[in-house]
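Subject: Structure handover

Hello,

The structure is below, followed by notes on what was found in it. Please read them with the coordinates open.

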Amino acid sequence: MSGTKPDILWAPHQVDRFVVCDSELSLYHVESTVNSELKAGSLRLSEDSAATLLSINSDTPYMKCVAWYLSYDPECLLAVGQANGRVVLTSLGQDHNSKFRDLIGKEFVPKHARQCNTLAWNPLDSNWLAAGLDKHRADFSVLIWDICSKYTPDIIPMEKVRLSAGETETTLLVTKPLYELGQNDACLSLCWLPRDQKLLLAGMHRNLAIFDLRNTSQKMFVNTKAVQGVTVDPYFHDRVASFYEGQVAIWDLRKFEKPVLTLTEQPKPLTKVAWCPTRTGLLATLTRDSNIIRLYDMQHTPTPIGDETEPTIIERSVQPCDNYIASFAWHPTSQNRMIVVTPNRTMSDFTVFERISLAWSPITSLMWACGRHLYECTEEENDNSLEKDIATKMRLRALSRYGLDTEQVWRNHILAGNEDPQLKSLWYTLHYILFMKQYTEDMDQKSPGNKGSLVYAGIKSIVKSSLGMVENTRHNWSGLDKQTDIQNLNEERILALQLCGWIKKGTDVDVGPFLNSLVQEGEWERAAAVALFNLDIRRAIQILNEGASSEKGDLNLNVVAMALSGYTDEKNSLWREMCSTLRLQLNNPYLCVMFAFLTSEAGSYDGVLYENKVAVRDRVAFACKFLSDTQLNRYIEKLTNEMKEAGNLEGILLTGLTKDGVDLMESYVDRTGDVQTASYCMLQGSPLDVLKDERVQYWIENYRNLLDAWRFWHKRAEFDIHRSKLDPSSKPLAQVFVSCNFCGKSISYSCSTVPHQGRGFSQYGVSGSPTKSKVTSCPGCRKPLPRCALCLINMGTPVSSCPGGSKSDEKVDLSKDKKLAQFNNWFTWCHNCRHGGHAGHMLSWFRDHAECPVSACTCKCMQLDTTGNLVPAETVQP
Amino acid sequence: MFVARSIAADHKDLIHDVSFDFHGRRMATCSSDQSVKVWDKSESGDWHCTASWKTHSGSVWRVTWAHPEFGQVLASCSFDRTAAVWEEIVGESNDKLRGQSHWVKRTTLVDSRTSVTDVKFAPKHMGLMLATCSADGIVRIYEAPDVMNLSQWSLQHEISCKLSCSCISWNPSSSRAHSPMIAVGSDDSSPNAMAKVQIFEYNENTRKELTSSGGPTKFEIHIVAQFDNHNSQVWRVSWNITGTVLASSGDDGCVRLWKANYMDNWKCTGILKGNGSPVSGSAQQGNPSPSLGSNIPNLQSSLNGSSAGRKHS
């Protein structure tokens, strides 16, 4: 040890202990702090571990290197190499009666004093200790000591030892090494080869040498500069790493001539290189003045033959702490665990994670692999703190038949969970559109016009189409002595108001029913605002009062009503002044716009029109009432573009189901991924030009694909049915044609269309229903159809009896059973062996059998299609 | 809140890839122990290993499922320079009784001279096609002209990427608006490497795959969000089925989930440690240490995204 730079070592056997050595040796004990507080005096190593100092040993000065005795010892026996070349055995234990008592303090002295560079215990013969020394003339630089030489503690009785302990140190000096190697050379690093007890790999001055102790005169060597830090891969005993300056060389001992590979050179010199003991092929390296440990993941088994094999190495770096790292040590048993020490002796304990590979399943559960372990992670079902992802939402909505309510279209937003105001607005818009369409169609029958298509086109087009100049007239406020300019409502504006939901169909322009429905739903503020916009301040006040007195209502509404009743038309009144400033502090946007409306100058209603929190439909209806044609056009245009950009579904009201609407929906889908709403919405829109749009087809295709992936096959089928109702062009073609063996004509033609023409068909079977078709022969050539493999009766006959079921289908009048009984009559056949029969018979056969019912046919018909054995997910889930 | 539970994988070495089938009912894993395991989900939601066999003579990097309309078909690729196609056989052995299914090798694709780093089936509307990429930078596209015969694959295209390839991904979109596309990622760490992600598009006229990266392209690419929270290299990312949640894993040993709010602001919605334990949030969030590897985008498999909902624009 250089004295300033600490090194760190894990105990080879007591896995919760490590030693830090700089000028002295300090033994630490690691504890987990997961379930306990940090104890006084202990040092935090990581979030969940801490170390306590057990003992300090400062007996051995001038430490250069330290090695931990490899076989089990409870007393932490360490060998310390010193600057003068001596190797001292020392201990950090407190027990003085251990069997290693005699070894402690023993010194192994080389002939000539020079620095001891490295120490290595033999992993097989635990008493052998190799020491590597600097060069001294022609002296040997690698000395192998037997720590038990001179005397063996097992034989010598304890009393005698105690006596001898009082003697001079000389008895503990050992000067005769077991082996002397590496004459006239310097040894920088050492490691024993696990292949054989007597093989020692040494990094000498200019070469790597393998010494064979069985024949010390011979050595195998290769000239290289990379002689420092030789270390053997614990998983592949022929793989060795060594380094020189910033470069690591990996050697294969089976072809020792040159390194099998060298790792990318690092700018600073390396200080330590170590293989991970718990995992194959992971090498950790550390450079001087760095806070990074670089890891090299050699992800393949080295092969002796593969000369041209490009090794796959993945380089990684970890940063355990912010300071420079002095040294590190792998934990001997814990997976990928490492402890590092900094020059000022702060330590940190951490684990190098394996690269985690991960995958989402279609039902939003995440699976990942970390090392050798697999983890599955699912979103907790009943957790409301986080908003669910759209994938989960779509799944739940599909189960609740979202989008399929074609009677009361607005109800679909309730099926979607009644939580999204945009969806609510969308489905109301669609509801009104469909409603109006129906109405205008009825009207059109009486008086032909072109408004039917206008309904789909949205308010933007409706407003644009209004050609006749609209004149404004002054209208009286009910209950007030005031007049305000209101646009005369032409047909287009009435239609727009109808789409906004303010007024019902027909020419009736009364908003009364709409107000009542709002009051019923508890939307008092909105109702009051709508009443006010229809110049009925008295009704507005009345509604607010109602709201305040109702159970869920807000008492403050009374205050608002009071403020409202103080309305004055005077320009410079205190009321006007206060209202225009204080209204901005109102939380409810509708209350806010009410005062904005009352305090606004005639003709400029920006406070209402650009209050984004107010529903688009109310703002648009307001605009239709109060803005002149040019103003209205400009406003609608602006709002439409805003909605399109934001992908706000409320904007469908403006765009309608036109190309503009598809543009808007596109930005909505880009934003949310909600192809479900997009598909259902665009299906509702009639005009085929919208449905033909490539994007719409793409959403539909993707939604169907989603349903398939979730195994919501029934839902997908329902969707297809729904789709073909609204878009007849999407009707799928027949999937199978059954033709007669003899004449080659389709047998289904007459089956489906003219069931009663089979005069010559046999009246086989017991069906009592005369309307049921019986086709046992080809309608073309009158040759019989194939026979069912089980009942051996020609197909086309009703199934006379189902094993396990009641005797006949006509007796059971439960509709479900009837449906199934119909299915029992169907033809089925195996696509592999072409044997088949009545579906019901086949099903019951394969309930108990794996092989085909036809003799000598070993086809496992039912198992061939693995998807066919999957159950649709809807039937499993609640 | 996300909760993780451990599954006894019983692989003898590192698991490199996890892959779900189309329905999410089956799963395949592959490992350095040279084997592939197939897992089936029971009604109760537990995973059972129904097959485990040695597939290659080297680490198996990736495993992937074909669409079920082609049968129960897997493809794997390995360090041993090959990719293989596997099919499950039913009813030919007694293994069914032990709950084990039988997988046979239908073909071995041996064209690569180096480790095959990724393998992916094309979207089903293209038929039975397979793309592989290898460490020497070549993307190969194979096709089985007869979907009933999985043992015949013809090499349709060979594209040289000039960079060591580490991952590959098909554009899942089946829209007719654009031709089939493949994105290839590289893990080349040299600083003067060119574009690390290259996108190739099939050109109907020349019947060749065209590159569209590096140089002027018809695609405009812009960064929607960027996260440095891993504070280290990011290894894998994966999109959920709708492309609305992103999961990422990094060298900090954490799995993070990302989700955009309605205004395209992406936020981390969950962190879990690689060993499944939750992360004590504050300590992680406040970590100011500078990010290390993150400025070297490592594309081990950053491309396995699939987005069902989004229109490609």
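Helices α8(A) and α14(A) are roughly parallel to each other (an angle under 35 degrees; over 145 is roughly antiparallel, 65 to 115 roughly perpendicular and the rest oblique). Their axes, for residues 524-533 and 616-626 of chain A, come within 11 Å and cross at roughly 10°. Axes are lines fitted to C-alpha atoms, for helices over the stretch in contact, with angles from 0 to 180 degrees between N-to-C directions. On the α8(A) side the contact (heavy atoms within 4.5 Å) is made by A:R526, A:V530 and A:F533. The α14(A) side supplies A:R617, A:D618, A:F622, A:K625 and A:F626. By class, that contact has 4 nonpolar, no polar and 4 charged residues. Here Ala, Val, Leu, Ile, Met, Phe, Trp, Tyr, Cys and Pro count as nonpolar, Asp, Glu, Lys and Arg as charged, and the others, Gly among them, as polar.

The model is predicted: local features need pLDDT of at least 70, side-chain atom pairs count only at pLDDT 80 or more, and totals for chains, interfaces and linings use all residues. Residues are numbered from 1 along each chain as its sequence is written, chains are lettered from A and ligands numbered from 1 in the order in which they are written, and side-chain values use heavy atoms, with hydrogens and water left out.

In α7 (residues 512-520), the buried residues are A:G512, A:F514, A:L515, A:L518 and A:V519; buried means under 20% relative accessible area, exposed over 50% and partly exposed in between, with a 1.4 Å probe and protein chains only. Seen down the helix axis, the buried residues of α7(A) fall within an arc of 160°, so they line one face. The arc is that of the directions from the axis to the C-beta atoms. Just after α7(A), A:G522 has a positive phi of about 80°.

Chain A as a whole has 25 helices and 36 strands, taken as DSSP runs (H or I, at least four residues; E, at least two) numbered from the N terminus. Of its 878 residues, 52% count as buried.

On cysteines, the count is 0 disulfides over all chains, a disulfide being a pair of cysteine sulfur atoms within 2.5 Å. The sulfur of A:C861 has its closest cysteine sulfur in A:C859, 3.7 Å away, too far for a bond. A:C861 is buried, at 14% relative accessible area. B:C77 is in no disulfide either, with the nearest cysteine sulfur, that of B:C30, 7.3 Å away; B:C77 is buried at 0%.

Regards
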